[in-house]
Amino acid sequence: LQGFFVGRSIATPLAAMQAAIVRTAEQLDFRDSIPVRSQDEIGRTLTAYNALLAKLRSSFAEVQEATGRMQAVTNEAEASAHQIADNSLSQSSASTSMAAAIEELTVSISVVSHQAEEASLHTQASRDNATRGSEVILATVRGIQTISGTVRQAAERIDALRSDSDS
């Protein structure tokens with residue numbers, strides 16, 4: 001009888017932890033922490049899991065902030081590209097009506113080229129940040145899946161121990 005209660009006191013928190021980890025892994029929802037009711041191995045495991053979730057939330061917030069900043073830079077680059085295109089059109093029209101403006105046009109084209117290169121650099125930086133964010137998310141999901149497998153194995157071992165102790 002005592003073995004039953006000991007097994008139950010271990011299996012119940014592990015089952016709750018396993019369910020929460022599986023839910024997190026399947027739904028990619030990192031908002032719900034698991035209540036910690038003890039300071040034993042299970043409690044410390046839950047505390048570590050909750051800390052992992054907090055770190056993930058923080059990382060995702062940083063990724064979202066970086067994405068927002070990159071979006072703003074991309075919008076600025078796009079606006080600059082449109083402005084550059086409009087300026088190029090105006091300068092092209094002026095160059096056909098004035099032969100003396102050819103040297104000015106050459107300088108303007110150099111500026112346009114430089115701004116286009118800057119826009120290209122900003123776009124590449126945005127793409128690189130998005131790729132790094134994606135890699136962080138994929139690594140996080142793999143980590144959660146690993147934790148889920150470990151918890152599942154522990155639950156199976158505890159069930160086996162409970163069966164052995166009940167026999």
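A salt bridge is a side-chain nitrogen of Lys or Arg within 4 Å of a carboxyl oxygen of Asp or Glu. The structure described here holds 4 salt bridges. This is a predicted model, in which local features need pLDDT of at least 70 and side-chain atom pairs count only at pLDDT 80 or more, while totals for chains, interfaces and linings use all residues. Residues are numbered from 1 along each chain as its sequence is written, and side-chain values use heavy atoms, with hydrogens and water left out.

The predictor's confidence in each residue, called pLDDT, runs from 0 to 100. The protein chain averages a pLDDT of 84, and 92% of the residues score at least 70. Among the elements of the protein chain, α2 has the highest confidence, with a mean of 87, and α1 the lowest, with a mean of 81. Names such as these come from DSSP runs numbered from the N terminus, where helices are H or I runs of at least four residues and strands are E runs of at least two.

With the naming settled, the salt bridges can be taken in turn. E41 forms one with R44, and the closest N and O atoms are 3.7 Å apart. Both residues lie in helix α2, 3 residues apart, which is about one turn of the helix. E41 is exposed, with a relative accessible area of 56%, whereas R44 counts as partly exposed at 48%.

Another salt bridge joins the side chains of R69 and E65, at 4.0 Å from N to O. Because R69 and E65 are 4 residues apart in helix α2, about one helical turn separates them. R69 is partly exposed, with a relative accessible area of 48%, and E65 is also partly exposed, at 49%.

In helix α3, R162 forms a salt bridge with D159, the closest N and O atoms being 2.6 Å apart. The two residues are separated by about one helical turn because they are 3 residues apart in this helix. R162 counts as partly exposed at 25% relative accessibility, and D159 as partly exposed at 35%.

Attention now turns to the interior. A nonpolar core is a set of buried Ala, Val, Leu, Ile, Met, Phe, Trp, Tyr and Cys residues joined through side-chain atoms within 4.5 Å. The largest nonpolar core has 17 residues, of which M17, I21, F30, I34, L56 and I144 touch the most other members. Two or more residues of this core come from each of α1 (2-27), α2 (41-97) and α3 (102-166).

Rings of Phe, Tyr and Trp (its six-membered ring) pair if their centres lie within 6.5 Å; planes under 30 degrees apart count as stacked, over 60 as edge-to-face and the rest as tilted. A search of the whole structure finds 1 aromatic pair. F30 and F60 form this tilted pair, with 4.9 Å from centre to centre and 40° between the planes. F30 lies in the loop between α1 and α2 and F60 in helix α2, so the pair ties together parts that are 30 residues apart in sequence. F30 counts as buried at 7% relative accessibility, and F60 is buried at 17%.

Two further residues of helix α2 complete the picture. N50 is found in this helix and is buried, with a relative accessible area of 13%. Apart from neighbours within four places in sequence, N50 is in contact with S33, I34 and V36. A polar atom of the N50 side chain lies 2.6 Å from the backbone oxygen of I34. From C-alpha to C-alpha, N50 and V36 are 9.0 Å apart in space, and they are 14 residues apart in sequence.

G43, also found in helix α2, counts as buried at 0% relative accessibility. Not counting residues up to four places away in sequence, G43 touches V36 and S38. The C-alpha atoms of G43 and L14 are separated by 9.8 Å, although these residues are 29 residues apart along the chain.

Key
Buried means under 20% relative accessible area, exposed over 50%, partly exposed in between (1.4 Å probe, protein chains only). Contact means heavy atoms within 4.5 Å. A polar contact is a pair of N or O atoms within 3.5 Å; within protein, one must be able to donate a hydrogen and the other to accept it, and residues adjacent in sequence count only if both atoms are side-chain atoms.
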